[in-house]
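Please read them with the structure open.

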Amino acid sequence: MSLRLAEEFLTVPVDTIDRCVADVRACAEHLGIEPTAQVVERIAREHLLAIVNSAPPPRSAR
């Protein structure tokens with residue numbers, strides 16, 4: 001799963017993706033949700049999208 005997400009999110013470090021997947025799995029279990037591969041991947045993808053979309057824009061040359 002982490003490899004699939006790493007191929008999709010090339011700008012996010014692999015250790016960040018691994019940690020995100022582990023965190024999502026732990027949160028799902030804590031909330032009493034069965035952490036199936038589909039659920040974990042879907043939620044992790046949303047978290048990673050938030051990370052990518054919240055990055056500041058590159059500085060322009062002055």
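1. The largest nonpolar core of this predicted model has 11 residues. They are Leu5, Ala6, Phe9, Val12, Ile17, Cys20, Val21, Val24, Val40, Ala44 and Leu48. At least two residues of this core come from each of α1 (2-8), α2 (14-30) and α3 (37-53). The helix that gives the most is α2, with 4 residues.

2. How do α2 and α3 sit relative to each other? Two packed helices are described by the angle between their axes and by the distance between those axes. Here the axes of α2 and α3 come within 9 Å and cross at roughly 130°. That angle makes α2 oblique to α3, because an angle is called roughly antiparallel only over 145 degrees and roughly perpendicular only from 65 to 115. The crossing of the two helices, α2 and α3, is right-handed.

3. Which residues make the contact between these helices? From α2 they are Thr16, Ile17, Cys20, Val21, Val24 and Arg25. From α3 they are Val40, Ile43, Ala44, His47, Leu48 and Ile51. Sorted by class, the contact of α2 with α3 has 9 nonpolar, 2 polar and 1 charged residues.

4. Valine 40 belongs to helix α3 and is one of the residues of the largest nonpolar core. Its relative accessible area is 0%, so valine 40 counts as buried, the limit being under 20%. Setting aside neighbours within four places in sequence, valine 40 is in contact with Met1, Val21, Val24, Arg25 and Pro35. Among these, Val21, Val24 and Arg25 are also listed for the α2 side of the helix contact. As for distances, valine 40 and alanine 28 are 12 residues apart in sequence, and their C-alpha atoms are 7.9 Å apart in space.

5. Valine 24 can be read from the other helix. Valine 24 is found in α2 and is buried, at 6% relative accessibility. Beyond its neighbours within four places in sequence, valine 24 is in contact with Val40, Ile43, Ala44 and His47. Histidine 47 lies 23 residues from valine 24 along the chain, and the C-alpha atoms of the two are separated by 8.9 Å.

6. Is arginine 42 buried or exposed? Arginine 42 has its place in helix α3, as valine 40 does. At 64% relative accessibility, arginine 42 counts as exposed, because the limit for that class is over 50%. Arginine 42 and alanine 55 are 13 residues apart in sequence and 21 Å apart in space, C-alpha to C-alpha.

Methods: Residues numbered from 1 in each chain as written. Predicted model: local features only at pLDDT ≥ 70, side-chain atom pairs only at ≥ 80, totals over all residues. Heavy atoms only, no water. Core = buried A, V, L, I, M, F, W, Y, C linked by side-chain atoms within 4.5 Å. Buried < 20%, exposed > 50% of the residue type's maximum accessible area, 1.4 Å probe, protein only. Contact = heavy atoms within 4.5 Å. Axes fitted to C-alpha atoms, helices over the stretch in contact; angles between N-to-C directions. Parallel < 35°, antiparallel > 145°, perpendicular 65-115°, else oblique. Left-handed = near helix turned anticlockwise from the far one by under 90°. Nonpolar A, V, L, I, M, F, W, Y, C, P; charged D, E, K, R; others polar.
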